[in-house]
Amino acid sequence: MSRPNANTKGKTPRRPVPKKQVNNQKDPVGVYCRVRPLGSEDEECCVEVISSTTIQLHPPDGIKANRNGEFKETQYSFKKVFGIQISQMELFEDVAKPLVDDLIHCKNGLLFTYGVTGSGKTYTMTGSPGQGGLLPRSLDMIFNSISPYQAKRYVFKTDDKNGMEVQNQVDALLERQKRESQQSVPKTPSSRQKLDPEFADMINPQEACRAEDVDEDSSYSVFVSYIEIYNNYIYDLLEELPIDPIKPKPPQSKILREDQNHNMYVAGCTEVEVKSTEEAFEVFWRGQKKRRIANTQLNRESSRSHSVFIIKLAQAPLDADGDNVLQDKNQVNVSQLCLVDLAGSERTSRTRAEGSRLREAGNINQSLMTLRTCIEVLRENQMCGTNKMVPYRDSKVTHLFKNYFDGEGKVRMVVCVNPKAEDYEETMLVMRFAEMTQEVEVARPVDRPICGFAAGRRQRNQAFKEELSRRLEERGGPIDGETLSVMNQLMQSFPPLPPSELTDPTDDHTLPRLIEVLEKRHRIRQMLTEEYNKAANMLKSMLQEFDGNLVAKDNFIQDQRGKLGEKDKMIQNQKAEIDRLEKKAKMLEYKIDILQKTTNIYEEDKRSLQQELESREQRLQRELSEKRRMEARMQGMVSDTKLKWEKECERRVNAKQMEMQNKLWVKDEKLKQLKAIVTESQCERPEKPQRMPRKDKDEPAPTPAKRSASPSPVPVQVHWPPQVRQAPPSPSPSPSSMSVASCISEWEQRVPQDSRQGRVHTPGDTGRRRGRCWTGDGEVPVRPCDLEELGQRTGLPVRPRHRRSHSAGAERWVDHKPPSNLELDTVLQPNLPNAIKVSAPTEKALSKCDKYVLTHQEVASDGEIRTKLIKGEVFKTRAGGQSVHFTDIETLKQECPTAPSRKRRSSGKEDDPPEGDWTDVETRCAVAVEMRSGSKMDPALHGCQKRRKP
Ligand code: ADP
Ligand code: MG
């Protein structure tokens, strides 16, 4: 029986050409912090684990004192913080296990420990017996996961250009034999116990773990290399060199190269294929030993070198049979996990190195400096969107791991901290770098392209093999104890062979019987063969059918996967878009924040400016109103002063005028006297000289002595009625400029002649000539017109010329009573029938009447009320107006009985009339009141106004 030939099966589906997947997803560098326990209990501690993600640094007392308290407590946050109680296993679970998982799923990883010397970097990475670090645990997990699916040694073969080739089974076998003969291949130890006790029991078997979802339909091979970077030189720790015990050669440094995929690798570095954890350990310890020897021989300080342990995992899918590795170089996937134990990060000064050691230390420091710079630039580029060149090439360490930051992979860092106070300052620097590193993002590795074969090939192949051997056993397959009995049974089913011993030459029964049995057996055999062939064919067709189905299903699955891939891609794109938009949103929020702050500042400014403006406006208002007040005050003062001065001027002018008039009058008088004397001397007339002295006596005071309380009826525009004037007044050029006094005097002079012609005397005349009566052509002294004598008074001469025509006894009066007059309840009241009563004389009233009477009241200083009835006649003027000629004054005096006895005026004395009385009347009732036609002005008012004029 043989396995159905692979060639007869359906065509091998081609693996889809791996397309370059768009990878927009990024993860930040995972930074973990591990705090080691203090060396001794009494040491001062400067680190405190606050939470599972935060640690706090306390400045030690010494530093506080030295720096004047400049140091503050500082907190640093990481992805996770591990305190002193954390076990190596727990650390591994969190930090390295996901990287190993990724490695098995074809993704690259980089894990490094960072910290000052003695902070536990090596302890974390390598560990100690029973306390295996991340490295042995990673190796253990890898082998636990892939052991059943490992390819035979040399099936995978590294080339010199960081690539991986596959060999067929035969070539691999041949190479194996060749190497074995050279005895260079280490024998895989069968158990851990056989190993060096130094690293034999690093991992507790109970702690063994393995990855999930390992692809069973692939074959795996693990390759390890171990390098050391010291003083910026790369040394291969696994290189096998013939040892010259007499003159040991110094190790040769290696160079870095870039492969066709632009990945960096150490050219010519030994990559050892290991088949188990133990073997890998063994190789690692070999390298460690070599490192130690080199350090001692070359007098190097181990803490100043970086060690890099690279685990490469090659995997290729099994062929369609699930038996052999697919012989296709393109199908080989190589992922690698680099475990880096960095040199102590402390500054040179602390190491107390000298000479070349100092220079070396400087270089080593330089490489860590470069690492820091690279991280800084990367962070800046990523955060600010800049495209600064990252100086990877400045040191070997950064150059080697360039692809992790430039390309894709998962990067993790364990920051080791020694909490002792001595390390405080260095630790702080370490923390700062670590915090910054967290902000760098690395592209997330993409999933491995799906291989085109149906899954479960390995199992099917196994099952087939088992089934085959079972059947073989049944049908006499490969013989072993059990198979033999099966064969025996099968043999027993054949007819037994007859005895074939020939004893007699003539025996012709035995042979024919044997022939017959053998023929029978032959027939059975043929039958069985036919049966077998039939069954085989049936099985074959069945298998082919199954295979066809499987291929169809595979294709279907393939199809679905393709669709799934597309959907995935879409999701990825959308996620990237979301990421972008989120970033944008954040940016905008930040901008909004800034704008809001700016707005607030501006508003604040605006408010303060407004306040200032308001206060200034208020001040301005205040000042303005102050100014206005001042102005008003000044104006008031100015007008007051002006008024005062005007009054003063007027008073002075008036006084001066009066004075001048008096002088004039006196001169006139003198002139007249002189004239009279002259004329007297010419023609002898006896009366004239008598008059003259009286005149002198009569007219000493032309100025009005007293003003009454009632409106003054004195007209200022004094007309010399043309009809009265017989000759034009000699000195005065115009009537308006004529003074009252001069008018009166002139009139006085003419009165004797006029009276003969029937002219009317003005009240002024009357007042002036009080006690005199005009009778016929001579002067008759009359007593003053006191009230008690009113009834006995003789009628005044009336000028017939201008007398209004009126029927006898039907005289009409204008009774002018100013509203200021008091109503005195006297017994003797003038009875004026048909009188028109007015409070102010109007032209209309005057035109209707021919008589006028003004009732004028005044209060004397002794309380006596004097009522004067000033009478006159109304004439029509030529201009069409009305003219009143005063003819008489009646005075009524009323006395209060309780008032002190009044100084009675001697009314009987004609020659000594009280000047004040008649002069006052003279002031009030001038020669005439003339009102022009149409004038509505109160003559009193008229007079007042005119008098004001200078
Ligand atoms: P580094 O490599 O950073 O210079 P090491 O790993 O050599 O420091 O650690 C120095 C010492 O501290 C070692 O003896 C190690 O056993 C011990 N040590 C470090 N970390 C721990 C820890 N977490 N628990 C116990 N011992 C530790
Ligand atoms: Mg160390």
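Between which helix and which strand is the place of Asp213? In this predicted model, in which local features need pLDDT of at least 70, side-chain atom pairs count only at pLDDT 80 or more, and totals for chains, interfaces and linings use all residues, Asp213 is placed in the loop between helix H7 (197–200) and strand E12 (218–230). Residues are numbered from 1 along each chain as its sequence is written, chains are lettered from A and ligands numbered from 1 in the order in which they are written, and side-chain values use heavy atoms, with hydrogens and water left out. Helices (H or I, at least four residues) and strands (E, at least two) are DSSP runs, numbered from the N terminus.

Asp213 has a phi near 50 degrees, a positive value in a residue other than glycine. Asp213 is exposed, at a relative accessible area of 68%; the term exposed denotes over 50% relative accessible area, buried under 20%, and partly exposed in between (1.4 Å probe, protein chains only). A positive phi is also found at Tyr154, near 70 degrees. Tyr154 lies in the loop between helix H5 (134–146) and strand E10 (156–158) and, with a relative accessibility of 8%, counts as buried. Most residues other than glycine have a negative phi.

The protein contains 22 helices and 29 strands, and 40% of its 950 residues count as buried. Its accessible surface is about 55,100 Å², with 53% belonging to carbon and sulfur atoms; accessible areas come from the Shrake-Rupley method with a 1.4 Å probe, and for residues only the protein chains shown count as cover. Of the contacts (heavy atoms within 4.5 Å) between residues at least 6 apart in sequence, 72% join residues at least 24 apart.

When neighbours within four places in sequence are left aside, the contacts of Ile55 include Cys33, Val47, Tyr76, Phe78, Val81 and Met431. In soluble globular proteins, nonpolar side chains tend to be buried together.

Ser367, located in helix H10 (residues 355–384), is buried at a relative accessible area of 4%. Beyond its neighbours within four places in sequence, Ser367 is in contact with His306, Ser395 and Val397.

Around ligand 1, the residues with a heavy atom within 4 Å are Arg34, Arg36, Pro37, Val116, Thr117, Gly118, Ser119, Gly120, Lys121, Thr122 and Tyr123. By class, this shell has 3 nonpolar, 5 polar and 3 charged residues, where Ala, Val, Leu, Ile, Met, Phe, Trp, Tyr, Cys and Pro count as nonpolar, Asp, Glu, Lys and Arg as charged, and the others, Gly among them, as polar. Helix H4 (residues 121–125) gives the most to the shell, with 3 residues. A polar backbone atom of Gly118 lies 2.6 Å from an oxygen atom of ligand 1. For Gly120, the distance from a polar backbone atom to an oxygen atom of ligand 1 is 3.0 Å, and for a backbone N or O atom of Ser119 it is 3.2 Å. Taken alone, ligand 1 exposes 550 Å², of which the protein buries 66%.

Key. Polar contact = N/O pair within 3.5 Å; in protein donor to acceptor, adjacent residues only side chain to side chain.
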